[in-house]
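Biologist: I'd like to learn how to read a model like this one. Could you walk me through it, feature by feature?

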Amino acid sequence: MQTRRDFLRSGGALIVSFSAASAQGPFDTHDSHIDPKKLDSWLAVGADGTITAHTGKCDFGQGIFTAQTQLVAEELCVPLSRVKLIQCDTAVTPDQGTTSGSQSTPANFNSQGLALAAATAREALLGLAAQKLGGSVDQLTAADGVIADAAGRRVTYAELVGGRHFNLPLDASAKRRSREQWTVLGKPVPSLDRVALMTGRFEFVQSVRVPRMLHGRVVRPPGMGATVASVDKGSVRDIPGVRVVVRKDFVGVVAETQYQAGLAARQLAVRWSPGPELPAQRSFFEHLQRQPSRDTLSVDSGDVERALGAAAGVLRAQYRYPYQMHGSVGTSCAVADVRAGRATVWSATQSVYPTRSIVAKLLGLPLQNVRVIYVRGSGCYGLNGADAVSFDAAVLSQAVGRPVRLQFSRQDEMMWENLGAACVVEHRAAVGADGQITVWDRADWVASLGNRPGYDRPGNVISGMLAGYEPEPLKPGPAKAPAGKLQNQSNAVPCYFAGCIDGNCGGGGMIRSERVLTHTVRSPFFTGPLRSPLRIQNAFANECFMDELCAQAKADPVAFRLQHLHDPRIIGVVQAAAKAAAWETRAAAPAVRKTGVVRGRGIACVDYEGGNGYAALVAEVTVNLETGVVRPVRFVAAVDCGPISNPDGLRNQTEGGILQGMSRALVEEVTWDNRRITSADWETYNSLHLDYEMPTIETVLVTPEGVPANGAGETAITVTPAAIGNAIFDATGVRLRELPFTPERVMAAIRENRA
Amino acid sequence: MQQITLRVNGRQHAVKVDPETPLLFVLNDDLGLRGPRFGCGMAQCGACTVILRGQVVRSCVMPVRAVGDDEVTTLEGLGTPEKPHPIQQAFIEEGAAQCGYCLSGVILTAKAVLDGKPDASDEEIRIALGGVLCRCFAHTRMLRAIRKYASGNRQHANPA
């Protein structure tokens with residue numbers, strides 16, 4: 001078996017030719033020493049012709065490792081096997097911030113970042129070849145790492161720069177290969193991790209082992225806000241070799257084996273002073289609306305009150321979205337080696353550079369003495385426990401002076417992660433006599449505490465807070481008038497809004513009497529980005545309410561959407577999904593049966609973040625009127641993310657996103673009592689297991705010309721709860737305005753509708 | 001601490017551990033295996049699954065002393081990257097994963113079911129997978145891969 005040390009040694013050998021950059025001293029962005037403006041920070045041609053590429057965007061199962069490898073192979077005109085991609089290591093890769101928000105594709109597949117580096121390298125190689133062979137660049141062709149001229153003279157990349165630096169800046173005018181030329185990019189290349197995954201050889205961060213490594217566990221408080229009163233270190237004296245580490249309210253143990261560390265964590269006697277009581281779950285949404293808030297106006301035409309006052313009938317509705325969890329299958333894990341004033345952390349963080357900053361701060365080390373190396377963990381879907389466990393492992397390792405591997409228990413993970421935010425959305429709108437929406441006013445209340453730690457906020461996750469750092473403060477205050485370009489505010493702005501600010505209308509829709517006001521309020525639990533953060537919440541509220549307006553107008557849900565849209569890309573996905581689903585045009589007025597199992601279909605669409613990908617989804621569901629059980633039977637999705645890097649990867653993301661969205665729509669909800677989160681394992685936090693009878697999924701890929709590449713991992717999930725909700729309405733005539741659509745909630749709504 | 005002998009993936013191993021240690025920790029920490037992984041420690045998710053005596057077992061809750069002389073098979077014991085087992089091959093061909101952390105539970109459970117009942121129906125396979133959790137929701141591809149493996153087996157068993 002290859003050990004971690006061998007791995008580092010071989011990796012190190014590879015890095016040597018590279019890290020000459022580190023001798024050049026610190027550069028500009030975020031104290032990173034790797035200058036993103038230099039080609040050598042991104043790419044190198046080895047003496048054997050291998051292309052080594054560095055990226056700051058990492059793969060956690062979404063397929064971006066394979067897609068980036070394809071990108072480099074495409075731009076350099078070499079086979080996939082000739083490219084070695086190194087992702088997210090603060091010793092060698094450029095600082096590209098956090099891999100999140102569906103931003104990897106926009107950052108690295110258009111005209112910047114890795115794409116620009118690869119295009120610059122190809123042009124530089126062609127230029128060098130022209131010099132060497134004599135003649136002009138346009139007479140040359142590159143293929144398989146060899147450049148040839150019309151006379152058949154050849155020179156290899158290795159002969160041109162093999163083992164040496166380019167010593168060139170990135171060239172903003174370097175041309176990408178056009179979509180028509182692509183031979184590797186845009187193809188359904190099998191993901192490169194498959195064989196290792198399926199045969200059990202893949203190295204997850206949970207598999208990392210280093211010499212002389214000890215095992216840690218954390219001992220978390222019994223509830224939010226509890227503080228350490230005393231720790232009886234003697235209570236674990238009978239377990240050989242156990243060390244207890246206490247730092248303010250952070251408590252952990254370190255032992256020789258995982259088993260002993262687990263025993264010690266359970267056995268350690270800690271007295272805690274309880275924190276304040278939690279707000280009651282049953283009245284939590286009312287509680288949210290009563291809190292002081294920081295307000296943001298995304299758009300305000302100034303006339304909504306007058307228009308609502310003048311309207312013949314105003315439709316009002318309130319939508320509620322619960323806290324949900326990342327709930328990674330593998331609990332978060334990190335290995336830290338902090339010795340002699342230097343730290344190395346093997347981490348599944350989405351943010352190696354920010355994590356380096358926080359680790360340096362927590363340990364009191366200079367930034368340049370800390371290295372964070374990304375190693376993939378269990379799928380994270382956003383800010384799971386990966387950052388927190390990295391900080392904790394570093395603190396434990398520093399305290400004991402040996403490498404420490406720390407993996408959270410299931411409860412450590414689920415009681416203390418940064419949850420997907422709960423929120424309330426209230427709508428008021430009216431439809432005119434001509435069937436057009438005349439006015440739409442929308443306000444939401446979003447629970448927020450902490451977030452990604454960034455470069456300087458350890459307290460944004462539990463580890464930092466326990467160690468004595470505050471989360472980013474939330475200062476209540478009124479909203480400023482909207483100014484500048486329209487901010488879509490995590491899709492709080494419905495895609496049907498014209499989105500006009502000072503006469504510039506940045507929205508994709510027709511509604512001009514419009515207002516979107518967001519109230520951010522303090523959450524009793526940590527919150528943070530969970531796949532489609534706030535976008536899924538907002539799309540649920542917006543797209544279901546759009547359906548309510550449609551029903552009031554007695555219009556067809558597809559036609560009604562189209563008549564309020566002008567953005568061709570969102571129109572494109574709505575039409576494509578409707579066509580693929582063989583959508584039958586009819587007014588949104590369900591024929592309601594009273595008994596048995598009824599069937600319905602619904603549609604929802606999104607302009608993700610306002611211009612970062614488009615999706616429309618048709619859901620077909622059955623609803624059992626006796627039991628309230630909702631069963632999705634078919635989904636038809638249309639997705640437009642611009643040029644597609646890997647259609648197989650895109651389909652995989654779309655299918656998985658829809659099913660994850662379905663699980664979140666049907667069963668997922670965080671629960672708590674007066675002190676603590678009570679949904680802390682898979683018995684208490686529901687997720688659809690593999691025995692769930694799966695619906696069929698069809699995906700249509702829409703690829704307009706002349707648009708940039710967008711993110712694609714979060715578009716389909718964003719519209720799934722709304723599409724299901726609209727299909728339930730079509731089936732039953734009952735509108736569900738709170739997630740998840742549990743049988744109890746469905747039955748209660750059906751009974752209320754009958755009464 | 002106690003000397004314990006284990007047969008894992010066709011090889012004999014002697015380890016010195018507390019006999020109460022969960023089998024999973026021995027597989028990961030003492031034998032360096034990466035296939036079975038810690039997910040919950042409570043037999044709720046299947047990420048730590050191994051095969052023992054023809055049955056799937058949650059190695060996170062099985063003390064190593066309870067293993068005895070019987071062979072333990074982990075995901076890496078089925079096949080190698082060069083020569084994957086046919087069920088692994090089906091998963092490779094279908095790209096039936098995203099993060100892949102859950103794969104021991106999915107692949108080994110499906111294999112155990114189909115070994116016991118080669119003509120198991122889709123529904124029987126599905127029900128057997130009830131204790132397995134995939135949070136990336138790669139379900140569609142996984143079930144497709146399992147069907148592919150099952151139909152390959154049936155063709156193999158009943159050549160036309």
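Modeller: Let's begin with exposure: a residue is buried if 20 or more other C-beta atoms lie within 10 Å of its own, exposed if 12 or fewer, and partly exposed in between, with C-beta atoms placed from the backbone. Thr627(A) has 11 C-beta neighbours inside 10 Å, so it counts as exposed. Before we go on, this is a predicted model, where local features need pLDDT of at least 70 and side-chain atom pairs count only at pLDDT 80 or more, while totals for chains, interfaces and linings use all residues. Residues are numbered from 1 along each chain as its sequence is written, and chains are lettered from A and ligands numbered from 1 in the order in which they are written.

Biologist: Where does Thr627(A) sit in chain A?

Modeller: Elements here are DSSP runs numbered from the N terminus: helices are H or I with at least four residues, strands are E with at least two. Thr627(A) falls in the loop between strand 24 (614-624) and strand 25 (630-640) of chain A. Its C-alpha atom is 6.4 Å from that of Pro743(A), 116 residues away along the chain.

Biologist: Over to chain B, then. What is the strand order in its open sheet?

Modeller: Strands pair if DSSP finds at least two bridges between them. In chain B, 5 strands form the open sheet in the order 2-1-5-3-4, with mixed pairing. Strand 2 (11-17) and strand 4 (55-58) are the edge strands, each pairing on one side only. Strand 1 (residues 2-8) and strand 5 (residues 71-73) of chain B run parallel, joined by 2 bridges; Arg7(B) has Glu71(B) as its bridge partner in strand 5.

Biologist: And how much of chain B is buried?

Modeller: Buried residues make up 54% of its 160 residues. As for extent, the C-alpha trace of chain B spans about 55 × 35 × 30 Å along its principal axes.
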